[in-house]
There are 2 protein chains.
Amino acid sequence: MARSTQVQLVSRPQGWPTADDVRTVHVDLPDLAEGEVRVENEFVSVDPYMRGRMSDARSYVAPYELGETMTGAAVGRVVASRSDAVSEGDLVIHEMGWRDVAQGDASRFRVVQPIDGVPSSAYLGALGMTGFTAYAGLLHVARMQEGDTVFVSGAAGAVGSMVGQIASLKGAGRVVGSAGSDEKVAALTERYRYDAGFSYRSGDVTEMLREAAPDGIDVYFDNVGGDHLEAALDSFNDGGRAALCGAISQYNSTEKASGPGNMANIVTRRLTLQGFIVGYHQEHMPAFLEEMGGWVAAGDVRLDETVVDGIENTFDAFLGLMRGENTGKMVVRV
Amino acid sequence: MARSTQVQLVSRPQGWPTADDVRTVHVDLPDLAEGEVRVENEFVSVDPYMRGRMSDARSYVAPYELGETMTGAAVGRVVASRSDAVSEGDLVIHEMGWRDVAQGDASRFRVVQPIDGVPSSAYLGALGMTGFTAYAGLLHVARMQEGDTVFVSGAAGAVGSMVGQIASLKGAGRVVGSAGSDEKVAALTERYRYDAGFSYRSGDVTEMLREAAPDGIDVYFDNVGGDHLEAALDSFNDGGRAALCGAISQYNSTEKASGPGNMANIVTRRLTLQGFIVGYHQEHMPAFLEEMGGWVAAGDVRLDETVVDGIENTFDAFLGLMRGENTGKMVVRV
């Protein structure tokens with residue numbers, strides 16, 4: 001009989017989540033039924049959007065159920081199959097989340113092709129929702145054009161490190177990023193194709209952005225919200241576009257954040273601010289897989305990850321993500 | 001010899017403009033040169049955007065020059081012409097602004113056709129920049145669809161009274177407006193095809209909007225900024241679109257206005273906020289003229305105006321506009 005270790009949400013955090021909000025359980029799995037497969041996960045994803053689902057506020061996805069195992073992206077190998085669609089040894093991705101062994105109907109798993117020299121975790125990062133979020137947000141929401149100056153907040157994070165690379169590969173004129181430490185800022189230019197970077201902890205974001213992009217910005221990819229959006233509104237050229245992807249700076253705040261003080265620039269400079277959820281841009285998925293697959297296979301994209309070992313440490317990895325301890329994609333190695 | 005009375009800007013207002021910021025001058029006009037025409041204005045327009053041009057802050061149009069006559073839309077009759085393109089008696093519109101008699105090269109004047117029973121001032125309102133702003137902003141920036149619930153701030157003003165009517169004529173499901181007095185609110189439903197309205201002075205805008213649009217809003221047309229935008233962000237359905245046209249509530253403020261406290265909804269509900277300047281949407285002008293011309297000729301659109309008499313009172317009319325004393329379009333009758 002197989003066993004699965006799983007992490008479940010047991011209470012809705014107020015402000016920062018604590019260890020009391022989750023529990024680890026060990027589940028004895030039944031024998032496979034007809035049409036089912038069993039998968040040993042290799043990597044499990046932790047993502048900022050999960051914080052939103054821990055709350056029961058109105059949002060774009062249903063809240064997590066209390067007492068249920070946390071769902072989310074994971075990648076693993078099929079170890080047993082009673083389905084014709086999936087074979088033992090197949091690499092698969094699925095949404096069954098924070099568990100070491102996943103089992104269910106074959107329709108819940110999608111077979112992907114391993115790429116030589118690329119770890120399977122890439123299907124959670126560059127080739128997964130993370131990379132697609134960067135791609136769709138930059139090219140289809142913010143509609144980046146060749147030659148544009150692009151500003152990215154959370155630039156060394158999972159999505160941000162992809163945005164910088166995609167912007168550069170697609171011909172941006174200048175790519176500027178903000179991150180939370182000197183080490184991350186160094187990674188921006190050394191590893192993620194950014195032209196310039198600054199640490200938002202080292203001064204006034206508006207002033208640092210003005211210095212880093214003295215001719216203004218055309219595109220802003222927002223991962224953090226707050227004063228970064230105000231800085232972008234200050235530096236936007238006429239007709240600028242912002243793709244608003246997340247506001248990790250506010251996810252654990254129990255106070256209402258006040259908005260930018262320069263909203264009037266939206267009118268006078270004809271700006272567009274668009275919030276987006278990547279799931280609503282699926283029509284671009286084939287183009288993404290082809291283009292990103294090519295870049296990854298050619299070694300043009302850095303697949304940096306911050307890896308935490310052990311399914312039992314998944315919640316700690318999530319907290320680390322919330323604190324910004326990752327450079328690149330944060331994953332748990334099972 | 002002809003004389004022209006003109007109003008000129010002589011200093012840049014800090015906060016609310018005062019009479020000291022302008023002067024009235026009387027100019028003796030030279031004889032017409034070859035290719036020139038002379039026009040006696042019938043109506044001169046005062047518009048909120050003019051406040052922005054009185055300042056020298058970065059904006060989408062150049063600041064007014066100090067010591068020069070205020071420019072802007074006007075409509076009048078040709079009283080003398082030395083051009084083949086324009087004949088005595090023609091009705092023309094132009095941008096020479098706050099003066100009773102305008103004179104210059106014929107290329108600065110555009111001949112328009114009078115419509116039976118419609119005052120020439122309609123070319124400053126419904127058939128002019130005001131109507132086009134409402135049309136382009138509602139249909140092409142906010143991309144209103146049939147059945148949408150639409151919210152409009154400054155709903156009884158020049159642009160707002162047009163937005164309500166266009167929304168209704170184009171099949172909106174429900175149109176809700178906010179205005180600054182009970183009299184204006186009554187006009188919304190009685191005259192401008194709104195389904196519901198409220199006075200923003202009578203309570204909390206967020207709560208009043210929730211009550212007026214209990215199923216949420218899909219489109220917001222923003223003429224005022226400030227707490228109305230926060231209310232809209234609170235009531236938006238997923239995928240909602242805002243056309244940001246102006247922020248008259250802040251034009252005369254010397255303090256920095258803080259932005260909405262619920263910007264995070266832009267991401268979670270996939271909202272789009274787009275500032276616009278109507279001059280960048282000229283490609284829709286032919287469709288506008290055809291559609292609006294048809295509505296005006298058929299009597300489907302109310303052409304309400306607040307009329308101030310006398311070119312020497314133009315600045316007072318402008319101040320009245322800033323204070324919200326107009327219902328419908330504010331014009332000066334020369």
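A: Buried means under 20% relative accessible area, exposed means over 50%, and partly exposed lies in between. Please note that the model is a predicted one.

Q: With that in mind, is B:Asp234 buried or exposed?
A: B:Asp234 counts as buried, because its relative accessibility is 18% and the cut-off is under 20%.

Q: Which side chain does B:Asp234 meet in a salt bridge?
A: The partner is B:Arg210, at 2.6 Å from N to O. B:Arg210 counts as partly exposed, with 48% relative accessibility.

Q: Where do B:Asp234 and B:Arg210 lie in chain B?
A: B:Asp234 belongs to helix H6 (residues 227-235) and B:Arg210 to helix H5 (residues 205-212), so the pair ties together parts 24 residues apart in sequence.

Q: What does the pair of A:Asp56 and A:Arg12 tie together?
A: A:Asp56 sits in the loop between helix H1 (49-54) and strand E4 (74-81) of chain A, and A:Arg12 in the loop between strand E1 (3-9) and strand E2 (22-28), so the pair ties together parts that are 44 residues apart in sequence. A:Asp56 counts as exposed at 58% relative accessibility, whereas A:Arg12 counts as partly exposed at 23%.

Q: And which residue does A:Glu34 meet in a salt bridge?
A: A:Glu34 meets A:Arg82, at 3.0 Å from N to O. This pair links distant parts of the chain, 48 residues apart: A:Glu34 is in the loop between E2 and strand E3 (36-45), and A:Arg82 is in the loop between E4 and strand E5 (91-94). A:Glu34 counts as exposed at 61% relative accessibility, and A:Arg82 is partly exposed at 40%.

Q: Changing topic, which residues form the negative surface patch?
A: The patch is formed by A:Asp204, A:Glu207, A:Glu211 and A:Asp227. A:Asp227 lies in helix H6 (residues 227-235) of chain A and is partly exposed, with a relative accessible area of 48%.

Q: Finally, what is the radius of gyration of chain A?
A: Chain A has 20 Å, which agrees with the value near 20 Å for a compact globule of 334 residues. Its C-alpha atoms fill a box of roughly 65 × 45 × 35 Å along the principal axes. Buried residues make up 58% of the chain, and the secondary structure comes to nine helices and 15 strands.

Technical notes
Residues numbered from 1 in each chain as written. Chains lettered and ligands numbered in written order. Predicted model: local features only at pLDDT ≥ 70, side-chain atom pairs only at ≥ 80, totals over all residues. Heavy atoms only, no water. Patch = residues over 30% accessible without salt bridge, like charges linked within 9 Å, V, L, I, M, F, W, Y side chains within 5 Å. Areas by Shrake-Rupley, 256 points an atom, 1.4 Å probe, with all protein chains shown as cover. Salt bridge = Lys/Arg side-chain N within 4 Å of Asp/Glu carboxyl O. Lys, Arg positive; Asp, Glu negative; His and termini not counted. Charge placed at Lys NZ, Arg CZ, Asp CG, Glu CD. Helix = DSSP H or I, 4+ residues; strand = E, 2+ residues; numbered from the N terminus. Buried < 20%, exposed > 50% of the residue type's maximum accessible area, 1.4 Å probe, protein only. Rg over C-alpha atoms; globule rule 2.2 N^0.38 Å.
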